[in-house]
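User: Please examine the structure shown below. I should like to go through it in questions and answers.

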There are 2 protein chains.
Amino acid sequence: MDERLKQQLQFILEIDKMKKILRQTILTDYSRQENDAEHSWHIAVMAMVLAEYAGPSVDINRVIRMTLVHDLIEIYAGDTFAYDTVGNQDKKEREEAAAGKLFAMLPSDQGKEIRMLWEEFDQMETPDAVFAAALDRLQPLLHNYVTEGHTWKRGVTSEQVRRRMAVVEKANPRLYEVVSSIIEQSLQKGYLKE
Amino acid sequence: MDERLKQQLQFILEIDKMKKILRQTILTDYSRQENDAEHSWHIAVMAMVLAEYAGPSVDINRVIRMTLVHDLIEIYAGDTFAYDTVGNQDKKEREEAAAGKLFAMLPSDQGKEIRMLWEEFDQMETPDAVFAAALDRLQPLLHNYVTEGHTWKRGVTSEQVRRRMAVVEKANPRLYEVVSSIIEQSLQKGYLKE
């Protein structure tokens, strides 16, 4: 086996670790925390199903690729809870180091390509990244709503959720209507505080 | 919210159940069985990383979509172990019924589109389906090898594995060299019987 294929297979085995990186979100049946591999799969399928809400300049195939790799660096950097202000202080630094380590496992052309997809996602500026980020925000919002605010109940406010969901509004006003309605209902039901 | 978007969101919540469908394959750290959502994510990333081994007529973006939805029907049909002859007798029937139920949740154009991707995958005839199926076979082979034949040790023979891996040979001879070498080494190490 040549060196290139060997590197690719080693990377494929390494990313099995995504299945052990736990997120704060729980499954809709309340049974346990979701992991990064499951979350990435879920939002990739969402990209397929919600493609019609993406603007004309969005390339859904690139969005799908982006969703598949957007959390890979958490293998080494861990998951940082969106509303954890302390954890988010050194997030960038931890993730940069993780990216350096992980993507170096691949042949350099591929490591560079996937790293660029991750960076593009992270910067949330291009239409593809905005749509991918909107899905990344929408999925845990849906989970939180059907699990009666499981993650929010540790003190998250509606204002914090609205700030985090701003990218959904940028991606598509109709999807943002869903977000607004969920936030309203969650406030009424006490899943979320003012 | 209109009926179409409501159906799409209900489908997105329903497929959360993929995270509870357990496969026979275990994680590479031996800790637990893998689930369908994790497996689907893993082979979708493999499609990105191993794209260069696909023939010129393969559309990798379609392969990625196919890998993401290829096991969805197992939400209702359950996972059938590849080497379980009894379970495989009524697999087709169980899966058809599951597909009817699941894809009917989506707006009809989308239900039809995803169902067609699943059927194409299942028939393993088109170049896209052959490549997707090869990844679907290769991933558990890698897992089995690094976990010292975990799933094979219940009595699977090298001949059975070779038959199951035939689609990898059809997809790409270089990937099949890896398969052959893993089977040889697994025989030598006693992970697999003759």
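User: How many residues of chain A are in contact with chain B?

Analyst: This is a predicted model, in which local features need pLDDT of at least 70 and side-chain atom pairs count only at pLDDT 80 or more, while totals for chains, interfaces and linings use all residues. Residues are numbered from 1 along each chain as its sequence is written, and chains are lettered from A and ligands numbered from 1 in the order in which they are written. Two residues are in contact if their C-beta atoms, placed from the backbone, lie within 7 Å. On the side of chain B, 35 residues take part, and the number in chain A is 35.

User: Which element gives the most to the side of chain A that touches chain B?

Analyst: Helices (H or I, at least four residues) and strands (E, at least two) are DSSP runs, numbered from the N terminus. At least two residues each come from α1 (3–14), α2 (36–49), α3 (60–69), α7 (127–146) and α10 (173–189) of chain A. With 10 residues, the element that gives the most is α2(A).

User: How many nonpolar residues does the side of chain A that touches chain B have?

Analyst: Ala, Val, Leu, Ile, Met, Phe, Trp, Tyr, Cys and Pro count as nonpolar, Asp, Glu, Lys and Arg as charged, and the others, Gly among them, as polar. That side has six polar and seven charged residues, and its nonpolar residues number 22.

User: Why is chain A called as compact as a globular protein of its length?

Analyst: The secondary structure of chain A comes to 10 helices and two strands, in the order α-β-β-α-α-α-α-α-α-α-α-α from the N terminus. The radius of gyration is taken over C-alpha atoms, and the globule rule is 2.2 Å times the number of residues to the power 0.38. For 194 residues the rule gives 16 Å, and chain A is as compact as a globular protein of that length because its radius of gyration is close to this, at 17 Å.

User: Which residues have the most contacts inside the largest nonpolar core?

Analyst: A residue is buried if 20 or more other C-beta atoms lie within 10 Å of its own, exposed if 12 or fewer, and partly exposed in between, with C-beta atoms placed from the backbone. A nonpolar core is a set of buried Ala, Val, Leu, Ile, Met, Phe, Trp, Tyr and Cys residues joined through C-beta atoms within 7 Å. Beyond four places in sequence, Ala134(A) is in contact with Val167(A), Val168(A), Ala171(A), Asn172(A) and Leu175(A). The largest core has 116 residues, and those with the most contacts inside it are Ala134(A) and Ala134(B).

User: How many residues of α8(B) are buried?

Analyst: Helix α8 of chain B covers residues 127–146, and its end C-alpha atoms are 29 Å apart, which agrees with the 28 Å that its 20 residues should span at 1.5 Å a residue. The expected span is 1.5 Å times one less than the number of residues. The helix is largely enclosed by the rest of the structure, because of its 20 residues the number buried is 17.

User: Is Glu148(A) buried, partly exposed or exposed?

Analyst: Glu148(A) lies in the loop between α7 and α8 (158–164) of chain A. Although it is not a glycine, Glu148(A) has a positive phi of about 50 degrees. Its C-beta neighbours inside 10 Å number 13, so Glu148(A) counts as partly exposed.

User: Is Tyr30(B) buried or exposed?

Analyst: Tyr30(B) sits in the loop between β1 (22–26) and β2 (33–35) of chain B. Its phi is near 65 degrees, a positive value in a residue other than glycine. With 10 other C-beta atoms within 10 Å, Tyr30(B) is exposed.

User: Is Val58(B) buried or exposed?

Analyst: The loop between α2 (36–49) and α3 (60–69) of chain B holds Val58(B). Apart from neighbours within four places in sequence, Val58(B) is in contact with Val63(B), Pro127(B), Asp128(B) and Phe131(B). It has 21 C-beta neighbours inside 10 Å, so Val58(B) counts as buried.
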